[in-house]
Amino acid sequence: MMIKKYVVEHKSMLLLAALVLLVAFPFVISNAYYQRIFIMIFLYAVLAMSLNLITGVAGQLALGHGGFYCVGAYASALLIKSCGMPFTVSLIGAAIISALFGLALGIPCLRLRGDYLTLCSIGFAEIVRLVALHWDKLTGGALGVKNIPAVNLFGFVFKNNMQYYFLFLIVMVIVYIFINRIISSQTGRALISIREDEIAASAMGINLTYYKVLAFVVAAVLAGIMGAFMAAYLTYLNPQSFILDESFLMLQMIILGGLGSNFGAIIGAAILVFLPEAFRFLTDYRMLINGFLMVGLMAWRPQGLFGATTTTEAIVKKLIPPELVKTAESRGVENENS
Amino acid sequence: MNFFLQQLANGLAAGSIYALIAVGYSVIYGALQMVNFAHGNIYMFGTFMFMAVTTATKNIFLGVLVGVVCSGALAMAVERFAYRPVRKANYLVPMISAFGAALIIQNICQLLFSTRTFPFPASVPNLFIDIGSIRISVYQLAIFVVALIIMLVITFLLKRTRLGQAVNCVSQNKVSSELMGINVNSIISLIYCAGAVVGVVGGMFFALYYNSIFIGMGFLGTMKGWIAAVVGGIGNIKGTFIAGIILGLVEAFGSAFISSAYRDVISYAVVIIVLIWKPNGLFGSQIAEKA
């Protein structure tokens, strides 16, 4: 409790300290392997934060996030390789194409009830992957796309891990601030109210489909952009990188970190990228351990490490003076949680 | 025309297998609204056990028995250790547990049996019936009949027996059911067991019809079962059965006339289109819902 209070009170200072450590890290440890792990952590942190906007904040369980990631990666890689576009243009192209896919999937499917959306989004991700696998002429089929040029931002070509480390770190920090701003804006409150109670939200005049689609498209664009960066960083792509397990991994990250918590998504990404690396010597048993980890975590701490703090209940509590809550409780007014 | 009829026969057989797997899925999905990612892997495990015992003892009936018992028991174990602790949590949580359980079962199977594709363990005579110029295997017919019987039995059990009523009560309200003296835990356990047993029958027919047993059949079955259950309307066993058959037919014709590489794309496209067109599934009833 003491620690928790301390963390809450000094949150911004602690975040700043963490950022300083992250900036210092590549100067202290020059091992490419460790830098690479951190790059993957930043990459997945952005993917997890964007999925968190749909699932954690707006409460819509979409499992097709790997599909947008795949669309962005292929769109960018093919724009560069086949059309000869510079990286900046292909990055914007990837963002636009992912946004269009997000709209095309979101507008019809977000009207559906929870688990139907899940099924449709899994279907979408699988369709994207299978098309990438079988449409040889466009995507190179199972062999994928090779020799993708490195990230080139306005003439600055990223060459080594250190430069990529800072690129991905900066992207992550920007996305973190961006999504935090969304969450604390009017849009964010609308999304949270949709998660908490759709009927009440629509009775308050919130356009459910508009806000859901908005969150969906923002998340799709972020995933698409990360796909573009990832393709340029790894210099190759193949459909095997976008199997359904990827989408599940992202979901696992935000559940582990705590649904709705942006910071939790980063921690979840860090843990789930790092753990398989740490258990690499157990190759045959890695996925088995991963399975036990998932089941165990859900049983031990279903709300995640940093469970959502911005529920409507919390917002209401902030607005009502504590004395009033106390008197209401002492009069036996029930606080119903369903 | 012949080609068309032959595809129809193939589609019906594949559809009957999907229907069986989906009916097992739907029993759980309908009663508990739980997206059971482990369903496919549970019956996959049962099918592998069936294979192991049949190969070892040369007795196919013993194999079937062991396969059925193993999947039923495994389903109950998964329910007890993975689902029960998180039953009251947000609906996402049991889904993740289920996925974890699916991973565990899949990897244990991989360690035990390797990732090879195995043939059906017993040699079965090829029996055919020729109708005009198309040839229907006796097994295609048998699969369809068995699927139909199982579907009717499940519907009867759910609608006409005390046990079925208890299942319906638990599905509507767990707390009230408990107050009425229904043992909710054992009913839920039983639902998972029943789903897995129906599933493993589908799994063994799958092995027979395609003459192959492999790790991937689990996840494949989960998705096809889920698709058929949703297309048919959640909790509607008859609808699920019909949807399973439709799915088999669509895939057979799609593979024949478009490309077999896009078979799974076709089935995913079907579910997305059906849901956009009829959000309650083809045979689902209109239910007013509170979010």
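**Close-up views of a predicted two-chain model**

**View 1. A:Val217 and its surroundings.** Setting aside residues up to four places away in sequence, A:Val217 touches A:Ala99, A:Gly102, A:Leu103 and A:Gly106. This is a predicted model, so please read every view here as a computed picture. A:Val217 belongs to helix H11 of chain A, which covers residues 208-234. Is A:Val217 buried or exposed? A:Val217 counts as buried because 21 other C-beta atoms lie within 10 Å, and the cut-off for buried is 20 or more. A:Ile107 is 110 residues away from A:Val217 along the chain, yet their C-alpha atoms are separated by 9.8 Å.

**View 2. A:Ala45 in the largest nonpolar core.** The largest nonpolar core holds 206 residues. Which residues have the most contacts inside this core? They are A:Ala45, A:Ala48 and A:Ala269 from chain A, along with B:Val23 and B:Ile191 from chain B. If you centre on A:Ala45 and leave aside its neighbours within four places in sequence, you will find it in contact with A:Met172, A:Ala265, A:Ile266 and A:Ala269.

View 3. Domain 1 of chain A takes in residues 1-30, and domain 2 takes in residues 31-330. Their C-alpha centres lie 23 Å apart. Where the two touch, domain 1 of chain A contributes five residues and domain 2 of chain A contributes seven residues. On the domain 1 side, four of the residues are nonpolar and one is polar, with no charged residues. Among chain A contacts between residues at least 6 apart in sequence, 78% join residues at least 24 apart.

**View 4. Where chain B touches chain A.** This contact draws 36 residues from chain B and 34 residues from chain A. On the chain B side, helix H4 (92-113), helix H9 (217-232) and helix H11 (263-277) each supply at least two residues. Which element gives the most to the side of chain B that touches chain A? That is H4(B), with twelve residues. By class, the side of chain B that touches chain A has 29 nonpolar, four polar and three charged residues.

**View 5. Helix H11 of chain B.** H11(B) has 15 residues and reaches 21 Å from its first C-alpha to its last, close to the 21 Å expected at 1.5 Å a residue. Its buried residues include B:Val265, B:Ile266, B:Ser267 and B:Tyr268. Further along, B:Val270, B:Val271, B:Ile272 and B:Leu275 are buried too. What covers the buried residues of H11(B)? The cover includes helix H6 (114-134) of chain A, together with H9 and helix H10 (237-257) of chain B.

**View 6. Chain B as a whole.** Chain B comprises eleven helices and two strands, and along the sequence they follow the pattern α-α-α-α-β-β-α-α-α-α-α-α-α. The C-alpha trace spans about 60 × 45 × 35 Å along its principal axes. With 291 residues, a compact globule would have a radius of gyration near 19 Å, and chain B agrees at 19 Å. Of the residues of chain B, 51% count as buried. Among chain B contacts between residues at least 6 apart in sequence, 75% join residues at least 24 apart.

Note on methods. Residues numbered from 1 in each chain as written. Chains lettered and ligands numbered in written order. Predicted model: local features only at pLDDT ≥ 70, side-chain atom pairs only at ≥ 80, totals over all residues. Helix = DSSP H or I, 4+ residues; strand = E, 2+ residues; numbered from the N terminus. Rg over C-alpha atoms; globule rule 2.2 N^0.38 Å. Buried ≥ 20, exposed ≤ 12 C-beta atoms within 10 Å, placed from the backbone. Nonpolar A, V, L, I, M, F, W, Y, C, P; charged D, E, K, R; others polar. Core = buried A, V, L, I, M, F, W, Y, C linked by C-beta atoms within 7 Å. Domains from an automatic or database assignment. Expected span 1.5 Å × (residues − 1).
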